[in-house]
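Subject: Handing over the structure

Hi,

Please take over this structure from me. Open it first, then read my notes below.

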Amino acid sequence: MAHLDSPARPHDHPPGAHPSRPPAAPPARRPDLPPVHGAVLCVAAPSLVISPEHGQLTGRGLDGIYRSGRRLLSRCLLRVAGHDPVAVQGRSLGADRASFTATVRTGAEAGPDPDIGVERVRHADGTEQITLRSYAARPVRLPVEISLGTDLAELAAVAAGRAGPELPAGVHTSGLRWSTTEAQAVTTAEPPPDDALASAGLLRWQLELAPGESRTIELRTTQDRSARAPAGQVANPLAQARAEGDDPRVEAWFRTSLADLRALLLRDPEEPADAFVAAGVPWRCGLAPAESLWAARMALPLGTGLAAATLRVLARSQPGPSGKDTGRGAGKGTGQDVGKIPGPLRSAGPHLPPGCTGTEATLAFPVVLAEARLWGLPEDEVARLLPAAERCLDWLRRSIGEDGLLADPDPGPRRCETQAHAHRAALLGADLLAACGRPGAEEWRQWAGALRARFHEAFWVDGPDGGRPAAALHPDGRPVPRLTGAAAHLLDTGLLGGGRVAPGLLDKVRTEQLARLLGAPAMDCGWGLRSMAAREPGHNPFGHRSGAVRPYESAVAVAGLAAAGFEKEAEGLLRGLLDAAECFGHRLPEMYAAEQRTAGSAPLPHPAACRPAAVAAAAGIHALTALAGIRPDVPAGTVALAPLAGAPLGAVRLSELRVAGEPFTVRVSRLGLGMVEEAADALQLGG
């Protein structure tokens with residue numbers, strides 16, 4: 001599928017450029033992406049349907065049925081008795097389908113009341129059922145027309161306004177077809193139309209309806225002449241878990257988040273048994289190494305299958321040493337690239353040059369493998385993936401600067417979150433190496449200790465309010481003193497064996513200060529965590545790295561605050577996320593505006609945000625399972641609970657999770673007490 005880098009994430013500076021000095025020649029401005037916040041999206045990767053709220057595919061903008069990034073149908077306009085239906089409601093029925101309700105007044109009855117109801121149920125796989133129901137008092141004869149068209153354009157071309165003209169249609173057995181030298185599409189109808197006019201792209205029926213009677217026309221749009229597109233056939237590695245509680249929104253948020261993750265599953269084209277989650281629709285419908293890994297990590301309570309498959313996919317892309325090839329497309333790395341998982345640059349907002357998602361993915365790889373092992377990934381799977389994790393750690397060792405910090409990119413700034421990722425990778429990597437009988441564990445623990453000391457010395461910006469962590473250090477060592485949501489990663493220290501939370505880069509006093517900062521109104525807007533504090537220069541409530549709420553960072557903050565014992569701050573952010581999820585139909589976008597919450601207000605959508613998005617969907621799972629604080633160590637046969645004190649959402653029950661590959665059910669009472677109701681026989685509560 002298409003994978004676009006949205007203009008919401010511009011590469012503001014070339015790698016290594018000083019953020020206060022503009023590049024010599026400003027980059028050409030990319031065309032703005034069409035807004036999607038008002039669209040109704042249906043996804044079952046690699047299939048995607050983008051519909052306006054009224055349900056008529058107009059052939060304009062992004063409207064259309066897409067498969068693997070190509071638009072198969074751009075126009076699908078319904079007319080009944082010579083009238084355009086009047087849209088009444090458009091709503092999502094799930095990640096992969098939506099319903100559009102309309103009415104028609106034919107004039108057969110006196111007065112203003114509609115006498116025909118129209119319901120269109122559209123599926124991500126290109127199937128649509130159009131049901132017409134008569135409310136008239138006498139039989140009616142309805143001429144029905146459906147106007148179809150397509151350009152067979154790639155999504156990237158559509159987004160850039162370069163889709164091209166509609167193609168001429170040909171008559172198919174029961175519909176129409178279009179083709180180019182590169183692609184073809186077929187739309188069939190059941191029942192077959194009474195008339196098909198290829199030159200106008202029209203299908204026509206004459207329907208007779210008795211009072212109260214309904215008739216359904218089903219359209220199927222595919223890439224070939226088969227009956228149905230094979231969407232949604234990826235083997236599902238996620239458990240059918242459930243959440244319920246005193247707050248009914250808990251169930252809806254968890255269910256929708258799980259459905260969104262499933263809808264974003266894609267096969268690896270070279271190894272179809274392995275699936276990963278696409279970053280998000282409509283702009284980022286492919287593998288994004290860092291985000292696919294973070295989503296898999298946050299989904300570990302649903303089983304280790306997604307994490308294992310994602311790790312295998314990325315291990316095959318990892319450059320090996322000269323003379324070796326680690327897998328499909330990996331090639332032979334030389335020098336600094338060996339072991340680094342490839343990934344594109346990503347904007348870091350107006351104050352820093354773009355960061356490399358490959359750096360983030362490389363540091364995440366050993367972390368996800370280490371935690372997946374604790375959740376029950378079989379040891380033979382761990383052993384197969386361990387060499388790739390060791391190559392990631394070897395890359396980290398070679399990439400550390402003379403100052404003991406990791407630049408991203410190199411040369412470039414030393415980002416706060418990059419040091420947190422590196423520290424976590426070192427400690428969890430050491431735990432993994434020791435558990436697997438591999439050398440190097442003690443060396444990595446010592447390096448992590450040295451990084452803590454260096455971070456303590458270089459990254460803390462003192463102030464009358466208690467200080468804050470710098471967002472980054474310039475290459476010359478000067479701090480970037482802005483407070484950003486990326487500081488939440490300092491609280492995400494990772495899980496070690498025995499149910500222990502790994503130490504972080506901050507000491508106890510500074511961790512407490514950071515918790516206060518994240519829970520204060522400058523960072524907590526009432527709908528989640530701002531990506532940059534409201535009082536910082538350049539704050540933009542819609543800026544994806546300069547103010548907007550990113551649910552992923554908010555969920556990281558909730559879990560990190562809960563693990564560190566800061567219940568009040570964790571509760572505030574969790575409630576804000578839950579309230580925002582309700583406003584978005586429990587399907588959180590990848591980001592939304594961080595306008596300060598007031599009485600009667602609602603979170604504002606970002607017009608370019610993906611929805612659903614992998615890390616936003618996984619954030620719902622991560623935030624809600626943080627209520628129970630599940631800390632497994634399957635190799636040791638234990639699982640510990642550290643529930644969030646005070647039970648901020650009342651009683652919560654999480655059932656059919658997976659620990660050690662077996663069903664796991666936990667309940668948190670209204671008093672904040674955790675109790676395991678179901679677990680694998682080999683597990684003991686403790687740690």
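First, the naming: helices (H or I, at least four residues) and strands (E, at least two) are DSSP runs, numbered from the N terminus. The model is predicted, so local features need pLDDT of at least 70, side-chain atom pairs count only at pLDDT 80 or more, and totals for chains, interfaces and linings use all residues. Residues are numbered from 1 along each chain as its sequence is written, and side-chain values use heavy atoms, with hydrogens and water left out.

**The largest pocket**

A cavity is a set of points where a 1.4 Å probe fits but cannot get out. A pocket is an open set with protein on both sides within 12 Å along at least five of seven lines. Lining residues have an atom within 4 Å of a point. Grid points are joined across faces, edges and corners, and a volume is the space filled by probe spheres set on the points.

The largest pocket has a volume of about 740 Å³. It is lined by 36 residues, and Asp492, Val501, Ala559, Gly560 and Ala563 are the closest to its centre. Which elements supply at least two residues each to this lining? They are helices H3 (289–298), H5 (357–375), H9 (508–519), H10 (551–564) and H12 (614–625), plus strand S28 (630–633). H10 gives the largest share, six residues. By class, the lining has 22 nonpolar, eight polar and six charged residues. Here Ala, Val, Leu, Ile, Met, Phe, Trp, Tyr, Cys and Pro count as nonpolar; Asp, Glu, Lys and Arg count as charged; the others, Gly among them, are polar.

**The cavities**

How many cavities of 30 Å³ or more are there? The count is seven. Of its 38 lining residues, Arg346, Glu417, Arg545, Arg550 and Glu553 are the closest to the centre. Two or more residues each come from H3, strand S22 (355–356), H5, helix H7 (416–435) and H10. H5 gives the largest share, four residues. The lining has 13 nonpolar, 12 polar and 13 charged residues.

The second largest cavity holds about 60 Å³ of space. Its lining includes His54, Phe100, Val118 and Arg120. Strands S8 (97–104) and S9 (116–123) each supply at least two residues. The largest share, three residues, comes from S8. By class, this lining has five nonpolar, three polar and one charged residues.

H3 and H5 line both the largest pocket and the largest cavity. Their axes come within 8 Å and cross at roughly 25°. That makes H3 roughly parallel to H5, a term for angles under 35 degrees. Axes are lines fitted to C-alpha atoms, for helices over the stretch in contact, and angles run from 0 to 180 degrees between N-to-C directions. H3 passes H5 in a left-handed crossing: the near helix is turned anticlockwise from the far one by less than a right angle.

**The sheets**

Two strands pair if DSSP finds at least two bridges between them. Eight strands form an open, antiparallel sheet in the order S7-S8-S9-S10-S17-S14-S13-S12. S7 (86–94) and S12 (170–172) are the edge strands, each pairing on one side only. The twist averages 20° from one strand to the next. Within this sheet, S14 (184–190) and S17 (214–222) pair over five bridges. Val186 has Thr222 as its bridge partner in S17.

Another open sheet has three strands, S23-S26-S27, again with antiparallel pairing. S23 (414–415) and S27 (479–480) each have a single partner strand, so one side of each is left without a neighbour in the sheet. S23 and S26 (472–473) pair over two bridges. Arg414 has Leu473 as its bridge partner in S26.

**Backbone exceptions**

Most residues other than glycine have a negative phi, and most peptide bonds are trans. Check these spots:

- Ala45 and Pro46 are joined by a cis peptide bond, with omega about 10°. Pro46 lies in the loop between S1 (40–44) and S2 (47–51).
- Val281 and Pro282 are also joined by a cis peptide bond, with omega about 10°. Pro282 is in the loop between S20 (275–277) and H3.
- Ser68 is not a glycine, yet has a positive phi of about 50°. Ser68 sits in the loop between S4 (64–67) and S5 (70–73).

Best wishes

Key: On a 1 Å grid over the protein atoms alone, a cavity is a set of points where a 1.4 Å probe fits but cannot get out, and a pocket is an open set with protein on both sides within 12 Å along at least five of seven lines; lining residues have an atom within 4 Å of a point. Angles under 35 degrees count as roughly parallel, over 145 as roughly antiparallel, 65 to 115 as roughly perpendicular and the rest as oblique.
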